[in-house]
There are 2 protein chains.
Amino acid sequence: MIVRHMTNYHDELTTVFHALSDPTRRAVIQRLGRGPASVKELAEPFQMALPSFMQHLKILEEGGLIASKKAGRVRTCMIKPGKIKRAEDWFAQQRALWEKRLDRLDVYLMQIQEEEEEK
Amino acid sequence: MIVRHMTNYHDELTTVFHALSDPTRRAVIQRLGRGPASVKELAEPFQMALPSFMQHLKILEEGGLIASKKAGRVRTCMIKPGKIKRAEDWFAQQRALWEKRLDRLDVYLMQIQEEEEEK
């Protein structure tokens, strides 16, 4: 039921941007960009109780930004670039819209300038 | 005091990603990418009480993603691409890290393959 609720009200981009709206979670993504790491390694730079840190990892994993695997007593995390890439694509799409508009604005401004010069 | 609190605990990227972690706010950004629009025009596609919609605009404006100007009774909103661009840059930085790592991984895999072939 919780999953269905999430699917209805929170689309994929909402989940990814929410996951990235926290400096600790962004730092984890940045660290995992250099390669997989254990939870212990990941937690080390943060002055934070482990349960709080695990909560951040949970948000990243549930959002599909990272994956984790337990071997014995060690849980190793790794990045899943797919959804992060789709969030990046959203920016590229927005920028394409602005740039198209700015091109049109340039044309308009040039036309005005030409008309002014002809007066 | 509120401003100082925000500066201490929420850096710029946190604010931008939080602003984008909502489908209504992303739709507003997308609409404003096509050009400035009045609050009335922006609210029109959403089945939402105006005060709730205004709350979304407030989050976008306080986060520096949009600006607004009142002329008479009409408030017009426009996009401010600067911070959105910096959030996009964050993705590019992460991707650069992964790609560097994947290059090294490629080299490693090629070495293994060569060693296998030599056996």
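Rings of Phe, Tyr and Trp, the last by its six-membered ring, are taken as a pair if their centres lie within 6.5 Å. In this predicted model, ring pairs link Phe17(A), Trp90(A), Phe91(A), Phe17(B), Trp90(B) and Phe91(B) into a cluster.

A search of the whole structure gives 10 aromatic pairs over all chains. One of them joins Phe17(A) to Trp90(A) in an edge-to-face arrangement, with 5.8 Å from centre to centre and 75° between the planes. Phe17(A) belongs to helix α2 of chain A and Trp90(A) to helix α6 of chain A, and the pair links distant parts of the chain, 73 residues apart. Both Phe17(A) and Trp90(A) are buried. In chain B, Phe17(B) and Trp90(B) also form an edge-to-face pair, at 5.8 Å centre to centre and 75° between the planes. Because Phe17(B) sits in helix α2 (residues 12-20) of chain B and Trp90(B) in helix α6 (residues 81-118) of chain B, this pair ties together parts that are 73 residues apart in sequence. Phe17(B) and Trp90(B) are buried as well.

The N-terminal end of α2(B) is capped by Asp11(B), which places a side-chain oxygen 3.3 Å from the backbone nitrogen of Leu13(B).

The fold of chain A gives the setting for these helices. Its secondary structure comes to six helices and three strands, and along the sequence the pattern is α-α-α-β-α-α-β-β-α. Of the 119 residues in chain A, 34% are buried. Among contacts in chain A between residues at least 6 apart in sequence, 52% join residues at least 24 apart.

Next comes the interface. The size of an interface is often given as the accessible area lost when the parts come together. For chain A and chain B the buried area is about 2800 Å², and 65% of it is on carbon and sulfur atoms. The contact takes 31 residues from chain A and 31 residues from chain B. Across this interface there are six residue pairs in polar contact, both residues being at pLDDT 80 or more. On the side of chain A that touches chain B, the elements giving two or more residues are α2 (12-20), α3 (23-32) and α6 (81-118) of chain A. The largest share of that side, 13 residues, comes from α6(A). By residue class, the side of chain A that touches chain B divides into 16 nonpolar, seven polar and eight charged residues.

Side chains of opposite charge can pair when their charged atoms come close. The structure holds 12 salt bridges over all chains, and four salt bridges are found across the interface of chain A and chain B. In one of the salt bridges, Glu88(B) meets Arg95(A), the closest N and O atoms being 2.5 Å apart. This pair crosses between chains, from helix α6 of chain B to helix α6 of chain A. Glu88(B) counts as buried because its relative accessibility is 9%, with the limit for buried set at under 20%. Arg95(A) has a relative accessible area of 24% and is therefore partly exposed. Glu88(B) also touches Phe91(A) and Ala92(A), not counting residues up to four places away in sequence.

Other salt bridges lie within chain B. Lys85(B) pairs with Asp89(B), with the closest N and O atoms 2.8 Å apart. The two are four residues apart in helix α6 of chain B, so about one helical turn separates them. Lys85(B) is partly exposed at 36% relative accessibility, and Asp89(B) is partly exposed at 27%. Salt bridges that share partners join Glu88(A), Arg95(B) and Glu99(B) into one network.

Arg31(B) and Glu41(B) meet in a salt bridge at 3.4 Å, N to O. Since Arg31(B) lies in helix α3 (residues 23-32) of chain B and Glu41(B) in helix α4 (residues 39-43) of chain B, the pair ties together parts that are 10 residues apart in sequence. Arg31(B) is partly exposed at 21% relative accessibility, and Glu41(B) is partly exposed at 44%.

Notes: Residues are numbered from 1 along each chain as its sequence is written. Chains are lettered from A and ligands numbered from 1 in the order in which they are written. This is a predicted model: local features need pLDDT of at least 70, side-chain atom pairs count only at pLDDT 80 or more; totals for chains, interfaces and linings use all residues. Side-chain values use heavy atoms; hydrogens and water are left out. Contact means heavy atoms within 4.5 Å. Buried area is the accessible area (1.4 Å probe) that two parts lose on being put together, summed over both. A salt bridge is a side-chain nitrogen of Lys or Arg within 4 Å of a carboxyl oxygen of Asp or Glu. A polar contact is a pair of N or O atoms within 3.5 Å; within protein, one must be able to donate a hydrogen and the other to accept it, and residues adjacent in sequence count only if both atoms are side-chain atoms. Ala, Val, Leu, Ile, Met, Phe, Trp, Tyr, Cys and Pro count as nonpolar, Asp, Glu, Lys and Arg as charged, and the others, Gly among them, as polar. Rings of Phe, Tyr and Trp (its six-membered ring) pair if their centres lie within 6.5 Å; planes under 30 degrees apart count as stacked, over 60 as edge-to-face and the rest as tilted. Buried means under 20% relative accessible area, exposed over 50%, partly exposed in between (1.4 Å probe, protein chains only).
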